[in-house]
Structures are given as C-alpha cells and as structure tokens.
Amino acid sequence: MHAATLALPDLTTQARRLVELGLGRLAGLPDSAIHDAVASVEVDDALLVPGPALVTPSALAPLVNRADKPGFVVVDMTDLDQFGPIPGVDLPDTPFYLISGLDRGDEMANWSPDEALPAITGAGRTPLTVSEGIAWLLQQPDRLEPNHCFMTIGSRLRKPNGRLDSRTPAIWISGGTGRDGRERKGAPKVGWCWAGNRHTWLGFASAAQRRSL
C-alpha cells in the first residue's frame, strides 16, 4: 500500500510510541498522563497530537527518525517555535488533541502555498500546522518519501507590523548538501519555502477536522 493511504495505528499504540520516544520527559509529564489521554477514546484512524503549548515543534523534530537518522530544523529557522496557527486554524485548548482525515496533498505538488491554501479551505479542509506535520511523522515516518514530502502551511509567523512573514514551513528529506551536512543525508528536515514559490516534491498536508481530548 502506498504511504499516502496507510491507516494510522490505534490511539493506544500511538500513545505508547510517544512514551517510547521520550515525550513525557520533554513535556514534563508522567508517562501515565500520555496513556490516560486516550484511555477512554474510541476513534478510528485519528492522529494523536501533542499541542505546541505542551512541547514545541523544535523539540519534537529530533524525535522523527528516518533511515536511522534523527530529524532536524534548518539552521536559518531559529524562530520556528514562533510560527503560530493562521486565521481559521483553531487548535483545541488541551494538552493533546486529535486530527482526522489526513492527506499529504500530493495532487498539489508544484503549487505555491498561496495557491494551495484557498484550494484546501475551499474543499472544507484545514491545513496542517508544523507541529501536526511532525506529530504525523512520529507515528508514520514513511509519510516522507523521495519526491513526495509536504508543506505545513497552517503555521505562519506574524511580523511586529502585523504582516505575515513570507516563509511557510515544510518537512522533507535532506540531500545532505550545504549547511545540512553530509552526515544528515536522508534525514527528516524541517525547513521553509517562500509563500509564492512552487516545488515539485512538496504537497500540502491537510486534515478533515480537529477535536479536543
């Protein structure tokens, strides 16, 4: 089955995965709190997301692993954790929440973020935030494939003057060039692209809905 259509693990398995990755230590939570968050929830094919107030995307990124290499944030995105949800993307006010109906958005590859956003919202869907994109890869690292990676345009940085920064977050596979370093070739990479630019290897990840826990 293609990675774009693989069903998510059940929530108990997802909680166990987050515990194994050390999320409790990062978030300052006992491991039991992660298990308890989904103990009485009966939902199929939904993703368990640690909210950005619980653990920042820059702290989550190294927990993603592909080809035995940890994820990383590009060196020129030191302000990643300042990227917040765009208008219309309302995150549940709970430590953990669920998102369902995930799609990598492969059909929008070679679109710009400015072009993709109205198409996503016009279809009644919501773009993923960068934290949600990372959370997806914690459970299913195979969602990143060569030439099939994705942007997370639900997150943007707002400048002091109120305007949006032109960068949009994305997650793809490092080629091990430039400042990434050869040792990171093949590693999951959290970076950015200009809102008006197109990239043939990047789709636009989205979901059908979010719900609190």
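Because the model is predicted, local features need pLDDT of at least 70 and side-chain atom pairs count only at pLDDT 80 or more, while totals for chains, interfaces and linings use all residues. Residues are numbered from 1 along each chain as its sequence is written, and side-chain values use heavy atoms, with hydrogens and water left out. Helices (H or I, at least four residues) and strands (E, at least two) are DSSP runs, numbered from the N terminus.

**The open sheet**

- Three strands make up an open sheet in the order E1-E6-E14, with antiparallel pairing; two strands pair if DSSP finds at least two bridges between them.
- Strand E1 (46–50) and strand E14 (209–212) stand at the edges with a single partner strand each, so one side of each has no neighbour in the sheet.
- From one strand to the next, the twist averages 30°; axes are lines fitted to C-alpha atoms, for helices over the stretch in contact, and angles run from 0 to 180 degrees between N-to-C directions.
- Strand E6 (residues 96–100) is joined to E14 by four bridges, and the two run antiparallel.
- Leu-98 stands opposite Arg-211 in E14.

**Helices packed on the sheet**

- Helix H1 (residues 11–20) packs on the sheet and touches E1 and E6, its direction making about 30° with that of E1; contact means heavy atoms within 4.5 Å.
- H6 also packs on the sheet, touching E1, E6 and E14, and its direction makes about 120° with that of E1.
- Helix H6 (residues 130–139) is mostly covered, since ten of its ten residues are buried; buried means under 20% relative accessible area, exposed over 50%, and partly exposed in between (1.4 Å probe, protein chains only).
- Among the buried residues of H6 are Glu-132, Trp-136 and Gln-139.

**Strand E11 and its partners**

- Five of the seven residues of E11 are buried, so this strand is largely enclosed by the rest of the structure.
- Strand E10 (residues 167–173) pairs with E11 in the antiparallel sense over seven bridges, and the bridge partner of Ile-171 in E11 is Val-190.
- Strand E4 (residues 72–73) and E11 run parallel, joined by two bridges; Phe-72 stands opposite Lys-189 in E11.

**The largest pocket**

- The largest pocket holds about 160 Å³ of space. On a 1 Å grid over the protein atoms alone, a pocket is an open set of points where a 1.4 Å probe fits, with protein on both sides within 12 Å along at least five of seven lines; lining residues have an atom within 4 Å of a point. A volume is the space filled by probe spheres set on the points.
- Its lining includes Asp-76, Trp-172, Arg-179 and Lys-189.
- Strand E11 (residues 188–194) gives the most to this lining, with three residues.
- The lining residues divide into four nonpolar, one polar and four charged. Ala, Val, Leu, Ile, Met, Phe, Trp, Tyr, Cys and Pro count as nonpolar, Asp, Glu, Lys and Arg as charged, and the others, Gly among them, as polar.

**Two single residues**

- Trp-111 is found in the loop between E6 and helix H5 (113–122) and is partly exposed, with a relative accessible area of 33%.
- Leaving aside neighbours within four places in sequence, Trp-111 is in contact with residues including Ala-116, His-199 and Phe-204.
- Asp-36 lies in helix H3 (residues 31–37) and counts as exposed at 53% relative accessibility.
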